[in-house]
Amino acid sequence: MGSRIVERLASVQARVAQACARAGRPVESVTLVAVSKLKPAALIREAYAAGQRDFGENYAQELRDKAAELADLEGLRWHAIGPLQTNKVKYVAKVAHAFHALERLEVARELSKRREGATPLPCYVEVNVGGESTKSGLEPSALPEFVAQVRALPGLQLVGLMSLPPPTDDTARARGYFQALRELARHHGLPQLSMGTTHDFELAIEAGATHVRVGTAIFGERD
């Protein structure tokens, strides 16, 4: 199992590098976040030993538990990438290097309160670029007011936008979603873009992603 993680990670890193080359970007301009949700800490240790440092978790309590279990791994950075309830904010505020799914003001206020006096928490506003009723994220029209409100809060640093567009095999359509997010980020003066998963991270990089969230291609299918 161990060698498969190392192999898969190397394969994804190579694909990231190739996508950067196609886009004329330095490979350092993209952070690969290995999505380790529902995977045992032992596999995170293997990926860490192979050089991976950024890991993404969807569930706040799982993030809390893994952060405690892997506290000995120096330089490991946790990215909270799933929706957050206010009663779970304390776990993310305590251990996360960044939060990628900000979409509610009450969550922003609670995070702000719990990070007061600490290093500001980098946050990405989640945007529903596909207009799907089943997906979380703000409508693009709600962004100006929300961005202004979050920017006024201490303890948070608004750095970018995040989106999980509808899955599609239509390359042009996928590119369209990523480009739409890029333009929204540019309009609001936000330099970072968290977009692209196992299915489409290369297209996301070509469209300007600064962070790609890749799980299955590194850790295999989830049970």
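This is a short tour of a predicted model, going from the whole chain down to a few side chains.

**Stop 1: the whole chain**

Start zoomed out, with the C-alpha trace on. Along its principal axes the trace spans about 45 × 40 × 30 Å. The radius of gyration is 17 Å, and a compact globule of 223 residues would come out near 17 Å, so the chain agrees with that expectation. Switch to cartoon and you can pick out 9 helices and 8 strands.

Now turn on contacts. Of those with a sequence separation of 6 or more, 57% are between residues 24 or more positions apart. Colour by burial next: 52% of the 223 residues are buried.

Then bring up the surface. The chain exposes about 10300 Å² of accessible area, and carbon and sulfur atoms account for 49% of that. If you like to think in charges, there are 28 positive and 26 negative ones, and their mean positions sit 2 Å apart.

**Stop 2: helix H3**

Where do Glu62 and Lys66 lie? Select residues 60–69, which make up helix H3, and you'll find both of them there, 4 residues apart, or about one turn of the helix. Are Glu62 and Lys66 buried or exposed? Both are buried, so hide the surface before you look, because buried here means under 20% relative accessible area.

**Stop 3: helix H5**

Move on to residues 105–115, helix H5, and centre on Glu110.

- Lys113: its side chain meets that of Glu110 in a salt bridge, 3.3 Å from N to O. The two are 3 residues apart in helix H5, so about one helical turn separates them.
- Arg114: this one also forms a salt bridge with Glu110, the closest N and O atoms being 3.0 Å apart. Arg114 and Glu110 are 4 residues apart in the helix, again about one turn.

Lys113, at 53%, counts as exposed. Arg114 falls in the partly exposed class because its value is 44%.

While you have salt bridges on screen, select Arg22, Arg175 and Glu206 too: salt bridges with shared partners join them into one network.

**Stop 4: Ala50**

Last, select Ala50. It sits in the loop between helix H2 (41–49) and strand S2 (54–57). Its relative accessible area is 31%, so Ala50 is partly exposed.

Which residues does Ala50 touch, leaving aside its neighbours within four places in sequence? Show Val6 and Leu9: Ala50 is in contact with both.

To finish, draw a distance from Ala50 to Leu184. The C-alpha atoms are 35 Å apart in space, and the two residues are 134 apart in sequence.

Definitions and conventions. Residues numbered from 1 in each chain as written. Predicted model: local features only at pLDDT ≥ 70, side-chain atom pairs only at ≥ 80, totals over all residues. Heavy atoms only, no water. Buried < 20%, exposed > 50% of the residue type's maximum accessible area, 1.4 Å probe, protein only. Salt bridge = Lys/Arg side-chain N within 4 Å of Asp/Glu carboxyl O. Rg over C-alpha atoms; globule rule 2.2 N^0.38 Å. Contact = heavy atoms within 4.5 Å. Areas by Shrake-Rupley, 256 points an atom, 1.4 Å probe, with all protein chains shown as cover. Lys, Arg positive; Asp, Glu negative; His and termini not counted. Charge placed at Lys NZ, Arg CZ, Asp CG, Glu CD.
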